Amino acid sequence: MYQDLTEAYNTQNDDDPLPVKQVKQMYKQCLKDKRNWDTAVGNGTLIKTIIEDFMNVTELTFPLFSELNSTLPDWPNRELMSSAIGYLKGQHGIDTLLSSAVETNNYNPNGHLPYTFNFHLPSLSLDYRIYHKKSWKEKGRGKLQKMIYSLFTRYGKIMDIETNEMDIKKAVKEIVKFEELIANKFRSKADSMNLMSLDDLNQTYPSFDFTNYITFATINADPKVFDKITNPNYQYNILYPTEFEELVDYIGENFDGKFSTNFFGNYIYYRLLRNYKDYFPSFVSLPKIDDEFSGIIDEEDELQSDAVFESDSIKSECYKNVAQLKYANFRIYVENQCLMEFHG
């Protein structure tokens, strides 16, 4: 299939439907960029611009790389936290402490509210189930630590900022400890319908400023959507009210003092860097990992099992990127097979 698809990607056809044309163009653009990667990512300016924009819009400090290089005096307030996680969602599509989505109302799809703006439990770096596997303590935790350590170190290199090694390790350990805690403390059960207005959300769950969150989470939505969901009569849905209340109380208590005041900023910027981990320039080499974070098995190959090619080749990388678009790829494959049979 790999060979058939990569050949088809390079076959121009004016009669292709739009999704197929888009996949073919994505593949060609990927080949072009991968062959001159550092130029494509602006020699690191792409990552810099993303982080700088986030700082300017949200005013959230990145403690690990702050010029002050010291411990923040206090946790961010609810307004700042909500703006940061909202912008992370709205501008970059990343869910964190608040995870939300507009979804079909399975309880009453034909009613006055066929779609609901749902609030879920927090989203972590990995699927919740991974933190519960027997292999987590043996190798899973180490893999995540290594990845976070690498992100922070590489970011420091493109910013030309020297950071204390112990500070990086402390930040890494806090982040992994936090995700383990959330994964084990908040396990969702059956969801339910619990509709609440925006005012009710702000009053019931005071650890978040939902007005700020929704403003930033919908920053790229059609203005009509924002007007609709901020109408006083509009109702949001809390899928797991018991767990959600526990989470809000826990955040309001700053997680019982389990984390430093630098944690929140470091965590948010880690999640942002993770989202763009493939966009670092090639000249920023992977850091040397000492014994504390070493002995870690690399992530499993996510490429198609029937693909017979080198995983580090440009073609395979680009194939991996566009192969996720199942519908268009299926169209390309079927039409290519039909052409082969016709000419055969």
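# Chat about a predicted model

Me: Ser260, buried or exposed?
Reply: Ser260 counts as buried, because its relative accessibility is 18%. Buried means under 20% relative accessible area, exposed means over 50%, and partly exposed is in between (1.4 Å probe, protein chains only).

Me: What kind of model is this?
Reply: This is a predicted model, in which local features need pLDDT of at least 70, side-chain atom pairs count only at pLDDT 80 or more, and totals for chains, interfaces and linings use all residues. Residues are numbered from 1 along each chain as its sequence is written, and side-chain values use heavy atoms, with hydrogens and water left out.

Me: OK. Where is Ser260 found?
Reply: Ser260 sits in the loop between α11 and α12. Helices (H or I, at least four residues) and strands (E, at least two) are DSSP runs, numbered from the N terminus.

Me: Which residues is Ser260 in contact with, leaving aside its neighbours within four places in sequence?
Reply: With those neighbours set aside, Ser260 is in contact with Trp75 and Glu174. Contact means heavy atoms within 4.5 Å.

Me: What else is in that loop between α11 and α12?
Reply: Phe255 is there too, with α11 at 241–252 and α12 at 263–275. Phe255 is buried, because its relative accessible area is 1%. Its phi is positive, about 55°, although Phe255 is not a glycine.

Me: What covers the buried residues of α12?
Reply: The cover includes α4, α5 (78–92), α6 (135–159) and α7 (165–185).

Me: How far apart are the end C-alpha atoms of α12?
Reply: They are 18 Å apart, and this agrees with the span of 18 Å that 13 residues should have at 1.5 Å a residue. The expected span of a helix is 1.5 Å times one less than its number of residues.

Me: Which residues is Met55 in contact with, leaving aside its neighbours within four places in sequence?
Reply: Beyond those neighbours, Met55 is in contact with Leu60, Phe62 and Tyr269. Met55 belongs to helix α4, and Tyr269 is one of the buried residues of α12. Met55 and Tyr269 are 214 residues apart in sequence, yet their C-alpha atoms are 9.5 Å apart in space. Met55 is partly exposed, because its relative accessible area is 28%.

Me: New topic. In what order do the strands form the sheet?
Reply: The 4 strands form an open sheet in the order β1-β2-β4-β3, with mixed pairing. The edge strands, each pairing on one side only, are β1 (99–104) and β3 (195–196). Two strands pair if DSSP finds at least two bridges between them.

Me: In what sense does β2 pair with β1, and with β4?
Reply: β2 (residues 115–120) pairs with β1 in the antiparallel sense over 6 bridges. With β4 (residues 236–238), β2 pairs in the parallel sense over 2 bridges. Ser99 stands opposite His120, Thr104 is bridged to Tyr115, and Asn118 has Asn237 in β4 as its partner.

Me: How many residues of β2 are buried?
Reply: 5 of its 6 residues are buried, so β2 is largely enclosed by the rest of the structure.

Me: Which residues lie nearest the centre of the second largest pocket?
Reply: Val102, Phe117, Lys228, Ile229 and Tyr234 do, out of 20 lining residues. β1, β2 and α10 (223–229) each give two or more residues to that lining.

Me: How many of the lining residues are nonpolar, polar and charged?
Reply: The lining divides into 11 nonpolar, 7 polar and 2 charged residues. Ala, Val, Leu, Ile, Met, Phe, Trp, Tyr, Cys and Pro count as nonpolar, Asp, Glu, Lys and Arg as charged, and the others, Gly among them, as polar.

Me: What counts as a pocket?
Reply: On a 1 Å grid over the protein atoms alone, a pocket is an open set of points where a 1.4 Å probe fits, with protein on both sides within 12 Å along at least five of seven lines; lining residues have an atom within 4 Å of a point.
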